[in-house]
Amino acid sequence: MNCILQNSPDGDPIYNFLERKRAEGKHYYCYMNAGCAKFLRIYYARVKEHLDKFYDDAITP
C-alpha cells in the first residue's frame, strides 16, 4: 500500500480508493487495512479468472 501511495498511479482503482478514504478523514490504519482488503479481492478475482481460463483450455481438446 505504501508503494501505491508513493507512486500515485493515475486510474488505479486501489489508489483512488485509498485517496477517497483518506479524504473522508479515516484513520491511517483504517484506510490502509481497507485498501489491503480491496487489493486482495481484485488480485483473487484476476488470479481466479486466469486459472479458470487455464483449466478450461486444458480440458478442451
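1. A residue counts as buried when its relative accessible area is under 20%, as exposed when that area is over 50%, and as partly exposed in between. The comments below concern a predicted model, and they should be read with that in mind.

2. By this cut-off Y31, at 8% relative accessibility, is buried, whereas Y28, with a relative accessible area of 39%, is partly exposed. Both tyrosines belong to helix α3, where they lie 3 residues apart and are therefore separated by about one helical turn.

3. A search of the whole structure returns 4 aromatic pairs. In one of them, the ring centres of Y28 and Y31 are 5.7 Å apart and the ring planes stand at 80°, so this pair is edge-to-face. Y28 and Y31 also belong, together with Y29, to one aromatic cluster.

4. F54 counts as partly exposed at 48% relative accessibility, and Y55 is partly exposed with a relative accessible area of 47%.

5. Helix α2, which spans residues 13-23, has I14, Y15, F17, L18 and K21 as buried residues. Viewed down the axis of α2, these buried residues fall within an arc of 160°, so they line one face of the helix. The partners against which they pack are α1 (2-7) and α3 (28-59). After α2 comes G25, a residue whose phi is positive, near 90°.

6. Which residues does F39 touch, once those up to four places away in sequence are set aside? The contacts are with M1 and I14. F39 is itself part of helix α3, and the C-alpha atoms of F39 and I14 are 6.5 Å apart in space although the two residues are 25 apart in sequence. I14 is among the buried residues of α2, while F39 is partly exposed, its relative accessible area being 34%.

7. A further point concerns F17, another of the buried residues of α2. Over the ring of F17 sits the charged end of K38, at a distance of 5.1 Å from the ring centre. A reader inspecting the model may wish to view this arrangement alongside the packing of the buried residues of α2 against α1 and α3.

Conventions
Residues are numbered from 1 along each chain as its sequence is written. This is a predicted model: local features need pLDDT of at least 70, side-chain atom pairs count only at pLDDT 80 or more; totals for chains, interfaces and linings use all residues. Side-chain values use heavy atoms; hydrogens and water are left out. Buried means under 20% relative accessible area, exposed over 50%, partly exposed in between (1.4 Å probe, protein chains only). Helices (H or I, at least four residues) and strands (E, at least two) are DSSP runs, numbered from the N terminus. The arc is that of the directions from the helix axis to the C-beta atoms. Contact means heavy atoms within 4.5 Å. Rings of Phe, Tyr and Trp (its six-membered ring) pair if their centres lie within 6.5 Å; planes under 30 degrees apart count as stacked, over 60 as edge-to-face and the rest as tilted. A charge sits over a ring if NZ of Lys or CZ of Arg is within 6 Å of the ring centre and within 35 degrees of the ring normal.
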